[in-house]
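Welcome, and please open the structure in your viewer. We will go from stop to stop, selecting a few residues each time.

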Amino acid sequence: MRDATGLVLPPGCMLDPGYLFAVATRTNAAHAALGTELLGVEPHGATIRVLWRPDLGGGDPGTWANGVVSSLLDHACSLAALVSLGDLRRYGGTIGLRIDYRGGGGAAPVLIARAVCEAPAGSVLRVNGQVFAPGASPDPVAVGLCTIALNPVVHDVGAT
Amino acid sequence: MNEATAATAAAIDRAIVAVPYYGFLGLRAAVIDHHVMVVLPGADRHVGDAVRRSVHGGVLAAFLEAAAQLRLHVLDSRRSVMSVDFTSAFLREAATTDTFASPQLVRVGRRFAHVRVDAWQTDPAHPVAVGNGTFSFG
């Protein structure tokens, strides 16, 4: 996906597609630096990818550094939360990230992260993410659980 | 700098150079009073929130895990270290300034190790993030 054209947000999501695309790929400087691409969104979910470059590598030739996996998971989960909440005012930021490495991957030309939200629970939203290296292994490189803080629901004053 | 400290510092430098992504992050390390200190330099490319100018959580998580891996590498550079799991808690917004991490070995066994990492910017007593990870030795 090269721009927000064709990015259709789920029903009920009040975000501007151009804004979401920009957050996914440009205004988040850390992911602009990684070259993160937004592949698509779904109800309560988002999928992104990064293409391998030498400066993102781990210790062995062609492999990925774990840090890229962490960063992808965190970002995919945040984007999924934004899509699921559909309202920027409710998004309070990431407060926790757990990653379990599953051994898939190794040398691979691309990493894909997909994240899907659970139902909000009180003041937090939990998001489950997976990172895959297509072509290298059918097993996930890692799975993760991200915890997002929720801001209180804002009621518009003056509505009649 | 005594001989042991110099050897430890050299081992960390070699470990940082061996992983290209550590160079991408701009990681530096030092040995202070026998403790390993890893530094994530403040840089625009680490920003996650363009409005608040705060460091991206994914970068902080990567930094915490890298610091833990580097600590284990210093312990025994002959053995490869693989992450089993890693948990990060983001406690405060991290400004775009240098962030410091001090990995602590909680338990080191024959096959597995557990490492705790605190990351702070201005005061070690007020960390911006903390991490805990389990690692296996190859």
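Start by selecting R53(B), which is found in the loop between β3 (47-49) and β4 (54-55) of chain B. Here helices (H or I, at least four residues) and strands (E, at least two) are DSSP runs, numbered from the N terminus. R53(B) is not a glycine, yet its phi is positive, about 60°. With 15 other C-beta atoms within 10 Å, R53(B) is partly exposed. A residue is buried if 20 or more other C-beta atoms lie within 10 Å of its own, exposed if 12 or fewer, and partly exposed in between, with C-beta atoms placed from the backbone.

A word on what you are viewing: this is a predicted model, in which local features need pLDDT of at least 70 and side-chain atom pairs count only at pLDDT 80 or more, while totals for chains, interfaces and linings use all residues. Residues are numbered from 1 along each chain as its sequence is written, and chains are lettered from A and ligands numbered from 1 in the order in which they are written.

Next, select H44(A), in the loop between β1 and β2 of chain A. H44(A) also has a positive phi, near 70°, and is a residue other than glycine. Is H44(A) buried or exposed? H44(A) counts as buried, because 20 C-beta neighbours lie inside 10 Å.

**The sheet**

An open sheet of twelve strands runs in the order β1(A)-β2(A)-β4(A)-β5(A)-β6(A)-β3(A)-β5(B)-β8(B)-β7(B)-β6(B)-β2(B)-β1(B), with antiparallel pairing; two strands pair if DSSP finds at least two bridges between them. At the edges stand β1 of chain A and β1 (28-32) of chain B, each with a single partner strand, so one side of each has no neighbour in the sheet. From one strand to the next, the twist averages 20°.

Color α3(A) next: this helix packs on the sheet, touching β1, β2, β3, β4, β5 and β6 (142-150) of chain A together with β5 of chain B. Touching means that two residues have their C-beta atoms, placed from the backbone, within 7 Å. The direction of α3(A) makes about 35° with that of β4(A); axes are lines fitted to C-alpha atoms, for helices over the stretch in contact, and angles run from 0 to 180 degrees between N-to-C directions.

**Where the chains meet**

Zoom in on β3(A) and strand β5 (residues 81-90) of chain B, which pair in the antiparallel sense over five bridges. Two pairs to pick out are L97(A), which stands opposite S88(B), and D100(A), whose bridge partner is D85(B). How many residues does each chain give to the contact? Chain A gives 27 residues and chain B gives 29 residues. On the side of chain A that touches chain B, β3(A) gives the most, with eight residues.

On its way through chain B, the sheet continues with nine bridges that join β5(B) to strand β8 (residues 129-137) of chain B. Select A89(B) to find its bridge partner V130(B).

**The core**

For the last stop, select L73(A), L111(A) and F63(B), the residues with the most contacts inside the largest nonpolar core, which has 83 residues. Such a core is a set of buried Ala, Val, Leu, Ile, Met, Phe, Trp, Tyr and Cys residues joined through C-beta atoms within 7 Å. Its largest share, twelve residues, comes from α3(A). Among the residues that F63(B) touches are L25(B), L40(B) and A119(B).

Notes:
Lists of a residue's contacts leave out its neighbours within four places in sequence.
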